[in-house]
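Subject: Structure handover

Hello,

Here is the structure you asked for. Please open it beside this message and follow along; my notes come after it.

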Amino acid sequence: MPGFETFGADVKAARKAKHLTRKVLAEIVGIEWRYLADIENKGTIPSLPVVIQLIKVCGLPVEQYFNPEIIRGDSEQRQLVSHKLKLCPEHYLPVIEGVIDGALKIEQSAKEMGDV
């Protein structure tokens with residue numbers, strides 16, 4: 001199914017990033033843990049209600065699965081960073097924003113000096 005090629009691996013990565021066991025995530029979503037294992041490891045595409053629950057609980061980017069052409073325009077690195085940002089706990093976001101601001105200032109300074 002187009003857009004869902006990485007869904008299982010994305011769910012697994014998000015589950016691990018959130019320090020959830022397969023059993024706990026399955027209980028939250030309302031499915032059997034074995035079914036979740038099939039989604040994560042065998043690429044089984046679940047029903048739409050389960051997909052929606054997994055996207056919500058795992059904090060996955062819905063547009064990646066339902067509107068993949070938007071994402072395809074981004075580099076692989078940008079997609080990876082975006083995905084990791086969605087998994088990041090809220091209290092770390094000011095640190096990440098500071099790093100991005102610093103990188104943008106360095107870039108701007110380089111442009112002003114004609115180095116870029």
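Predicted model: local features only at pLDDT ≥ 70, side-chain atom pairs only at ≥ 80, totals over all residues.

Apart from neighbours within four places in sequence, F7 is in contact with I39, P46, V51, L54, I55, L60 and Y65.

The whole chain

The protein chain has eight helices and zero strands. Read from the N terminus, the order of elements is α-α-α-α-α-α-α-α. The radius of gyration is 17 Å, whereas the globule rule gives 13 Å for 116 residues, so the protein chain is more spread out than a compact globule. Its C-alpha trace spans about 60 × 30 × 20 Å along the principal axes.

Of the 116 residues, 28% count as buried. The accessible surface of the protein chain is about 7900 Å², and carbon and sulfur atoms hold 58% of that surface. Among contacts with a separation of 6 or more, 53% are between residues 24 or more positions apart.

Helix α1

Which residues of α1 are buried? They are F7, G8, D10, V11, A14 and R15. These residues cover an arc of only 160° around the axis, which means that they sit on the same side of α1. Their cover includes α2, α3, α4, α5 and α7. Just after α1, H19 has a positive phi of about 55°.

R15 deserves a separate look. R15 belongs to helix α1, and its relative accessible area is 7%. Buried means under 20%, so R15 counts as buried. Leaving out residues up to four places away in sequence, R15 touches L20, T21, R22, L25, L36 and E40.

Helix α4

The buried residues in α4 are V50, V51, L54, I55 and C58. They share the same side of α4, because the arc they cover around the axis is only 135°. The face turned away from that buried side carries P49 and K56, which are exposed. The buried residues of α4 are covered by elements that include α1, α2, α3, α5 and α7 (76–87). Just after α4 comes G59, with a positive phi of about 70°.

L60

Where does L60 lie? L60 is in the loop between α4 and α5. Is L60 buried or exposed? With a relative accessible area of 5%, L60 is buried. Setting aside neighbours within four places in sequence, L60 is in contact with F7, D10, V11, A14, L54, I55, Y65, H83 and K86. Between L60 and F4 there are 56 residues of sequence separation and 12 Å in space, C-alpha to C-alpha.

Aromatic residues

How many aromatic pairs does a search of the whole structure find? It finds four aromatic pairs. One of them joins F4 and F66 in an edge-to-face arrangement, with 5.5 Å centre to centre and 85° between the planes. F4 is in the segment before α1 and F66 is in helix α5 (residues 62–66), so this pair ties together parts that lie 62 residues apart in sequence.

The two members of this pair can be compared by accessibility. F4 has a relative accessibility of 7% and counts as buried, whereas F66, at 43%, counts as partly exposed. F4, F7, Y65 and F66 form one aromatic cluster.

Then look at the buried residues of α4, among them V51 and L54, and finish with the F4 and F66 pair.

Regards

Notes
Residues numbered from 1 in each chain as written. Heavy atoms only, no water. Contact = heavy atoms within 4.5 Å. Phe/Tyr/Trp six-rings, centres within 6.5 Å; stacked < 30°, edge-to-face > 60°. Helix = DSSP H or I, 4+ residues; strand = E, 2+ residues; numbered from the N terminus. Buried < 20%, exposed > 50% of the residue type's maximum accessible area, 1.4 Å probe, protein only. Arc of directions from axis to C-beta. Rg over C-alpha atoms; globule rule 2.2 N^0.38 Å. Areas by Shrake-Rupley, 256 points an atom, 1.4 Å probe, with all protein chains shown as cover.
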